[in-house]
Amino acid sequence: MDSLTQIVLGAAVGEAALGRKVGNKAMLWGAVAGTIPDLDVLSKLFVDNVTANELHRGFSHSILFSIIAAPILGWFIAKLYKNKEANWKDWTRLMFLGLFTHPILDAFTTWGTQLFWPFEYKVSFKNIFVVDPLYTIPFLIFVIVAMFYKRTHHKRRKFNTLGLYISSCYMIVTLGLKWNTYQKFRTSLDNQHIEYKEIQTKPTPLNSILWTANVETDDSFLIGYYSLLDKDNRIAFSEFPKNHHLLGKMKTDPLIPRLVKLSEGWYTIEKVDNRVYFNDLRFGQLGMGTEASRFVFSYELFYDNNGELKAKERERNVDEASPLLKKLFQRVFGNKS
């Protein structure tokens, strides 16, 4: 999830664990703990894009990391305050909960997380977008309200608990919505007599009303959209040829299996103006349908001056964001035009 959401969750968990003893310090250090796992993004300063994306949501998002880091950070905070209100064990518990709930929340997103690192299996339920105001804003409001009460006031715990309950209930609702929309996509594929190998569904940006499906066939991928507000259950699918043959001699380079693994096999190869692009389909398009400019995660493949194959992440045009969001929300309300 986005940084703000993780900060809010960490603060709420910190308050639940230790707020009655140390007040807003619990929220502060809970928020810090909720931020720490995402510091793995700093790897982009030292390694290439592909390696950085491989490292993201790896060790720092694992149960093992939480177990190792929590007592170290707990010891540091206990030494920092040196008071009798909370001891090393208290701070360790708070930091563990803050560190551990971060990857748990990430596991519900499309990217997923290597919760069981060093095992490479990713946990990814794909039922909530990485930024979802309906999850974050109510949660944030309750946490802010709670922090203005004294640590021993019963309403402080009440508001903080409400925030945790409401956000958790919303998460459960999105799981139900995912199951419902998954059935809609399957039914539409069957009704159109489309043969497919696999289907993955996920919500579109900033909402849980409009859902999209990636569908794998023998030679291509299909992408469709379904809104809970649609009156017609028939779903139109746009087709994107796999074009894996366009890799040519690049296919034998060690970089390609790494990209294939990173995309979990959901990729197409695109050739534009004699440039070859590797498109990772898991995170959707910048737009909708075949008219969309391109996919969110796309790498340009090229040989450098030393003859080594490189993958450069394509830059995203910020100016495109506003019109794309407008089209997105038109579609959310069942506008298929």
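Mentor: Two strands pair if DSSP finds at least two bridges between them, and helices (H or I, at least four residues) and strands (E, at least two) are DSSP runs numbered from the N terminus. The model is predicted, so local features need pLDDT of at least 70 and side-chain atom pairs pLDDT 80 or more, while totals for chains, interfaces and linings use all residues. Residues are numbered from 1 along each chain as its sequence is written, and side-chain values use heavy atoms, without hydrogens or water.

Trainee: How many bridges join strand S6 to strand S7?

Mentor: Strand S6 covers residues 275-285 and strand S7 covers residues 295-303. The two run antiparallel. In one of the bridges, Asn 279 has Ser 298 of S7 as its partner. The number of bridges joining S6 to S7 is six.

Trainee: Are helices H1 and H6 parallel or oblique to each other?

Mentor: The axes of H1 (residues 3-22) and H6 (residues 133-147) come within 10 Å and cross at roughly 40°. Axes are lines fitted to C-alpha atoms, for helices over the stretch in contact, with angles from 0 to 180 degrees between N-to-C directions. Under 35 degrees counts as roughly parallel, over 145 as roughly antiparallel, 65 to 115 as roughly perpendicular and the rest as oblique. H1 and H6 are therefore oblique.
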